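Subject: Structure handover

Hello,

Here is the structure you were expecting. Please look it over, then read my notes below.

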Amino acid sequence: MALFKKRTVGKPGEWYYCLVHQKVEEGPECPAKDRFGPYATREEAQHAMDTAKERNLEWETDPKWHDKATPEADA
């Protein structure tokens with residue numbers, strides 16, 4: 001009997017989007033590093049990539065975010 005059992009984090013009833021297989025999974029099938037989630041519904045998980053694109057766009061166009069050096073910072 002093994003002392004340490006490898007467990008995947010997550011529970012059945014939670015939905016994930018696997019980035020490797022590009023599919024929706026219920027419960028933990030793939031490692032956490034390869035998935036988005038958990039989502040409450042299968043439909044939310046199906047739109048995980050769209051949600052990520054929308055959030056990235058919001059972040060990239062946020063007027064409060066400045067990733068370019070200002071002239072004062074260079075002085």
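E25 sits in strand β2, residues 23-26. Helices (H or I, at least four residues) and strands (E, at least two) are DSSP runs, numbered from the N terminus. This is a predicted model: local features need pLDDT of at least 70, side-chain atom pairs count only at pLDDT 80 or more, and totals for chains, interfaces and linings use all residues. Residues are numbered from 1 along each chain as its sequence is written, and side-chain values use heavy atoms, with hydrogens and water left out.

E25 is buried but has no salt bridge. The nearest side chain of opposite charge is K23, 4.6 Å away. Some cut-offs for that. Buried means under 20% relative accessible area, exposed means over 50%, and partly exposed is in between (1.4 Å probe, protein chains only). A salt bridge is a side-chain nitrogen of Lys or Arg within 4 Å of a carboxyl oxygen of Asp or Glu. For charge, Lys and Arg count as positive, Asp and Glu as negative; His and the chain ends are not counted.

What does E25 touch, not counting residues up to four places away in sequence? The list is E14, W15, Y16, C18 and C30. Contact here means heavy atoms within 4.5 Å. A polar atom of the E25 side chain also lies 3.4 Å from the backbone nitrogen of C30.

E14 lies in the segment before β1 (15-18). Its side chain makes a polar contact with the side chain of Y16, at 2.8 Å. A polar contact is a pair of N or O atoms within 3.5 Å; within protein, one must be able to donate a hydrogen and the other to accept it, and residues adjacent in sequence count only if both atoms are side-chain atoms. Leaving aside neighbours within four places in sequence, E14 is in contact with E25, E26, G27, P38 and Y39.

G13 is in the segment before β1 too. G13 is partly exposed, at 39% relative accessibility. With neighbours within four places in sequence left aside, G13 is in contact with E26 and A40. G13 and A40 are 27 residues apart in sequence, yet 7.8 Å apart in space, C-alpha to C-alpha.

**The two cysteines**

A disulfide is a pair of cysteine sulfur atoms within 2.5 Å. Searching the whole structure gives zero disulfides. Both residues are out of the solvent by the area criterion: C18 is buried at 0% relative accessibility, and C30 is buried at 8%.

**Nonpolar core**

Which residues make up the largest nonpolar core? There are six: W15, Y17, V24, Y39, A45 and A48. A nonpolar core is a set of buried Ala, Val, Leu, Ile, Met, Phe, Trp, Tyr and Cys residues joined through side-chain atoms within 4.5 Å. Y39 has contacts beyond its neighbours within four places in sequence: E14, W15, Y16, E44, A45 and A48.

H47 is in the loop between α1 (42-46) and α2 (48-60). H47 is partly exposed, with a relative accessible area of 44%. H47 and V24 are 23 residues apart in sequence and 9.5 Å apart in space, C-alpha to C-alpha.

**Salt bridges**

How many salt bridges does the structure hold? Two.

- E29 pairs with K23, the closest N and O atoms being 3.4 Å apart. E29 is partly exposed at 47% relative accessibility, and K23 is partly exposed at 37%.
- K33 pairs with D34, the closest N and O atoms being 3.3 Å apart. K33 is exposed, at 69% relative accessible area, whereas D34 is buried, at 16%.

**The chain as a whole**

The chain has three helices and three strands. From the N terminus on, the order is β-β-β-α-α-α. Of the 75 residues in the chain, 20% are buried. Of the contacts with a separation of 6 or more, 21% are between residues 24 or more positions apart.

Best regards
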